[in-house]
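Biologist: Can you walk me through this model? Please keep it brisk.

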Amino acid sequence: MDSIVVGTAGHIDHGKTALVKALTGHDTDTLAEEKKRGISINLGFTGFQLPNGRTLGIVDVPGHEKFIKNMLAGATGIDAAMIIIAANEGIMPQTREHIDILSYLGIQKKNF
Ligand SMILES: Nc1nc2c(ncn2[C@@H]2O[C@H](COP(=O)(O)OP(=O)(O)OP(=O)(O)O)[C@@H](O)[C@H]2O)c(=O)[nH]1
Ligand SMILES: [Mg+2]
């Protein structure tokens, strides 16, 4: 496998986009409405090259329950997921819902 695509998953405002920005330097919230409301609406795409030369792509998904179809669309193309849970809030409804969707899609531990 030459490239790996990792998706975010987790409840709204738990820091998915912030983590992606910390990892890549890219803010994947690009829409004016996303910036105004401080939430992700559309999928965000970024990535970087791993030391072994492979490309690691990242799909950042929205956590708001209203945008669950966007999350589903993004999760469909991923190889692995980062499930992000804010330590001050813990597991919340979309944490569980996203994990369920990842399970239904068969996203599971693999050897890369
Ligand atoms: N609780 C918590 N919040 C953090 C952390 N890191 C960043 N934040 C802040 O949490 C807020 C929400 O961050 P986002 O990255 O937009 O959250 P998100 O999960 O992408 O939200 P949606 O995409 O709308 O689901 C921002 O103000 C961040 O600065 C963290 O480690 N824990
Ligand atoms: Mg976000």
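Modeller: We can go through the ligand site, a few residues around it and then the nonpolar cores. This is a predicted model, where local features need pLDDT of at least 70, side-chain atom pairs count only at pLDDT 80 or more, and totals for chains, interfaces and linings use all residues. Residues are numbered from 1 along each chain as its sequence is written, chains are lettered from A and ligands numbered from 1 in the order in which they are written, and side-chain values use heavy atoms, with hydrogens and water left out.

Biologist: Which residues come nearest to ligand 1?

Modeller: Asp13, Lys16, Ala18, Ser40 and Gly63, out of 14 residues around ligand 1. A residue is near if one of its heavy atoms lies within 4 Å of the molecule.

Biologist: How does that shell divide into nonpolar, polar and charged?

Modeller: Five are nonpolar, seven polar and two charged. Here Ala, Val, Leu, Ile, Met, Phe, Trp, Tyr, Cys and Pro count as nonpolar, Asp, Glu, Lys and Arg as charged, and the others, Gly among them, as polar.

Biologist: How far is an oxygen atom of ligand 1 from the side chain of serine 40?

Modeller: A ligand oxygen is 2.8 Å from an N or O atom in the serine 40 side chain. At glycine 63, a polar backbone atom is 2.8 Å from a ligand oxygen. At aspartate 13, a polar backbone atom is 3.0 Å from one. The protein covers 62% of the 650 Å² of accessible area that ligand 1 has on its own. Accessible areas come from the Shrake-Rupley method with a 1.4 Å probe; for residues, only the protein chains shown count as cover.

Biologist: Where is aspartate 13, and is it buried or exposed?

Modeller: Aspartate 13 sits in the loop between strand E1 (3–9) and H1. Helices (H or I, at least four residues) and strands (E, at least two) are DSSP runs, numbered from the N terminus. Aspartate 13 counts as exposed because its relative accessible area is 67%. The cut-offs are under 20% for buried, over 50% for exposed and partly exposed in between (1.4 Å probe, protein chains only). Aspartate 13 also has a positive phi of about 70°, although it is not a glycine.

Biologist: Switching to threonine 17. What does its side chain make a polar contact with?

Modeller: With the side chain of serine 40, at 3.0 Å. The side chain of aspartate 60 makes one with threonine 17 too, at 2.5 Å. A polar contact is a pair of N or O atoms within 3.5 Å; within protein, one must be able to donate a hydrogen and the other to accept it, and residues adjacent in sequence count only if both atoms are side-chain atoms. Threonine 17 lies in helix H1 (residues 16–24).

Biologist: And aspartate 60, buried or exposed?

Modeller: Buried, because its relative accessible area is 1%. Aspartate 60 is in strand E3 (residues 55–60). Its side chain also joins that of threonine 8 through a polar contact of 2.9 Å.

Biologist: Now the cores. Which residues make up the largest nonpolar core?

Modeller: Ten residues: Ala9, Val59, Val61, Ile68, Met71, Ala75, Ile78, Ile101, Leu102 and Ile107. Helix H3 (68–75) and helix H4 (93–104) each give two or more. H3 has the largest share, three residues. A nonpolar core is a set of buried Ala, Val, Leu, Ile, Met, Phe, Trp, Tyr and Cys residues joined through side-chain atoms within 4.5 Å.
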